[in-house]
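Student: I have a model open on my screen and would like to learn how to read it. Can you take me through it feature by feature?

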Amino acid sequence: MGRAKGQQAVKPSVAVIIVAAGRGERAGQSVEGPKQYRTIGGSPVLRRTVERFLTHSAICHVTVVVHPDDLDLLSRALGDRLPQVIVVEGGPTRQWSVRLGLEALASGAAPEIVLIHDAVRPFADGALIDRTLAAVGPATGAIPAIPVADTLKRAAAGGTIETTVERTNLYAAQTPQGFPFAAIRAAHAAASAETRDFTDDASIAEWAGMAVRLVDGSVDNVKLTTARDIALADERLRREPKMIDVRTGNGYDVHRLTAGDHVTLCGIAIPHDGALDGHSDADVGLHALTDALLATCGAGDIGDHFPPSDPQWRGAASHIFVEKAVAVIREHGGRIINADISLICEAPKIAPHREAMRLAISAMTGLALERVSVKATTNEAIGFVGRREGIAAIATASVAFGDSA
């Protein structure tokens with residue numbers, strides 16, 4: 001709203017299936033349940049894994065496939081993250097569970113690309129996800145992998161060495177593994193009739209004739225298989241200093257002035273010899289604040305959530321947009337710390353209305369009044385603002401997430 005956008009390449013829609021239906025026998029028994037629900041660094045493994053993808057800007061849907069007996073464990077593990085994921089009950093094998101996840105995605109808005117990830121790999125970082133996604137093509141999958149460093153031996157029946165395996169061009173596969181959605185869904189459907197055991201989704205893709213690219217994996221992207229793996233991951237996280245996760249977002253908006261008798265700025269109608277032209281009430285202050293808030297959690301901008309082409313927003317009061325941004329932040333586990341808006345105009349005078357604006361923004365955001373700032377400046381009679389052709393606004397907001405919230 002209030003901004004002209006150039007043509008941009010449309011990014012493919014991406015979903016992730018996190019496979020969490022396993023029993024994890026090799027990790028031993030625990031009162032916390034299977035290994036994906038064990039605690040490392042103060043949080044369940046599964047929550048840490050899910051958050052890696054929920055906070056990635058390219059991911060539009062996160063599906064978690066769980067064992068039918070683990071729904072309560074899932075709810076406790078994910079807590080406030082649970083409403084942000086699609087929950088699917090899994091089958092008796094990993095392959096079966098993945099296929100159920102794929103079919104669940106197909107029943108809704110099917111993505112163009114799907115990532116399939118092990119719940120017990122909580123250290124897959126954004127760069128790894130980016131590399132995998134970049135290598136997926138219309139008919140090509142991609143997986144992260146690391147070269148095998150150890151000398152490999154094939155054992156004979158009696159426990160002696162039968163032969164040494166040449167390790168050149170051998171790689172250890174990791175997840176997330178990425179594929180064009182329709183192709184991997186079809187491959188899984190066909191493979192369900194086979195009696196052989198496919199050890200990962202790339203092996204199903206290969207069996208179906210799909211080319212699968214290798215991208216650089218990460219030695220940190222470990223799979224937590226045994227009790228020792230879990231203990232080491234917990235120790236690693238407890239040694240790491242906790243990052244203060246406070247993010248700052250910026251927003252800018254401008255609307256031209258046209259004939260009228262008032263302008264709406266920061267939620268307050270002010271008598272004026274013109275009006276701001278826009279699809280909604282053209283409140284540049286609140287539009288800029290909406291963008292600043294959404295920016296703190298990578299949730300797009302005001303045009304993504306309230307497109308000007310949608311007639312339902314014609315003449316809408318812009319507090320609706322701010323309140324939506326506040327709700328998005330809360331869904332992401334964030335807490336707004338402060339909001340600062342600078343209005344740039346030659347007229348009207350802002351000072352007489354500043355406190356009313358601050359009170360309005362305080363009500364929209366839930367912020368204490370001292371955490372809301374509204375300022376104004378002229379453009380020294382320079383440019384379109386100086387010629388009184390329009391009014392602009394710049395907004396900054398800070399939001400705390402995670403342990404900092």
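Predicted model: local features only at pLDDT ≥ 70, side-chain atom pairs only at ≥ 80, totals over all residues.

Student: Which residue forms a salt bridge with Asp-245?

Tutor: First the general idea. Side chains of opposite charge can pair when their charged atoms come close. A salt bridge here is a side-chain nitrogen of Lys or Arg within 4 Å of a carboxyl oxygen of Asp or Glu. The partner of Asp-245 is Arg-247, with the closest N and O atoms 2.9 Å apart. Arg-247 is partly exposed, because its relative accessible area is 27%.

Student: How many salt bridges does the rule give?

Tutor: The count comes to 14. One of them joins the side chains of Arg-94 and Asp-118, at 3.1 Å from N to O. This pair links distant parts of the chain, 24 residues apart. Arg-94 sits in helix H3 (residues 94-106), and Asp-118 in strand S6 (residues 113-118). Helices (H or I, at least four residues) and strands (E, at least two) are DSSP runs, numbered from the N terminus.

Student: Is Asp-118 buried or exposed?

Tutor: Asp-118 counts as buried, because its relative accessibility is 8%. Arg-94 is at 28%, so it counts as partly exposed.

Student: What about the side chains of Glu-389 and Arg-387?

Tutor: They meet in a salt bridge, 2.7 Å from N to O. Glu-389 has a relative accessible area of 37%, so it is partly exposed. Arg-387 reaches 53%, so it is exposed.

Student: Which residues are linked in a network of salt bridges?

Tutor: Arg-47, Glu-51, Asp-80 and Arg-81.

Student: Now the surface. Which residues form a nonpolar patch?

Tutor: Patches are made of residues with over 30% relative accessible area and no salt bridge; like charges are joined within 9 Å, nonpolar side chains (Val, Leu, Ile, Met, Phe, Trp, Tyr) within 5 Å. Here Tyr-252, Phe-384 and Ile-394 form one, with about 270 Å² of accessible area together. Such areas come from the Shrake-Rupley method with a 1.4 Å probe; for residues, only the protein chains shown count as cover. Tyr-252 lies in strand S13 (residues 246-258). Its relative accessibility is 43%, so Tyr-252 counts as partly exposed.

Student: And the whole protein?

Tutor: It has twelve helices and 19 strands. The C-alpha trace spans about 95 × 40 × 40 Å along its principal axes. Of the 405 residues, 47% are buried. The protein exposes about 19700 Å², and carbon and sulfur atoms supply 51% of that.

Student: How do I read contacts?

Tutor: A contact means heavy atoms within 4.5 Å. Among contacts with a separation of 6 or more, 72% are between residues 24 or more positions apart.

Student: How far apart are the C-alpha atoms of Ala-190 and Arg-52?

Tutor: They are separated by 31 Å, and the two residues are 138 apart along the chain. Ala-190 is in helix H5 (residues 181-191). Ala-190 counts as partly exposed, because its relative accessibility is 39%.

Definitions and conventions:
Residues numbered from 1 in each chain as written. Heavy atoms only, no water. Buried < 20%, exposed > 50% of the residue type's maximum accessible area, 1.4 Å probe, protein only.
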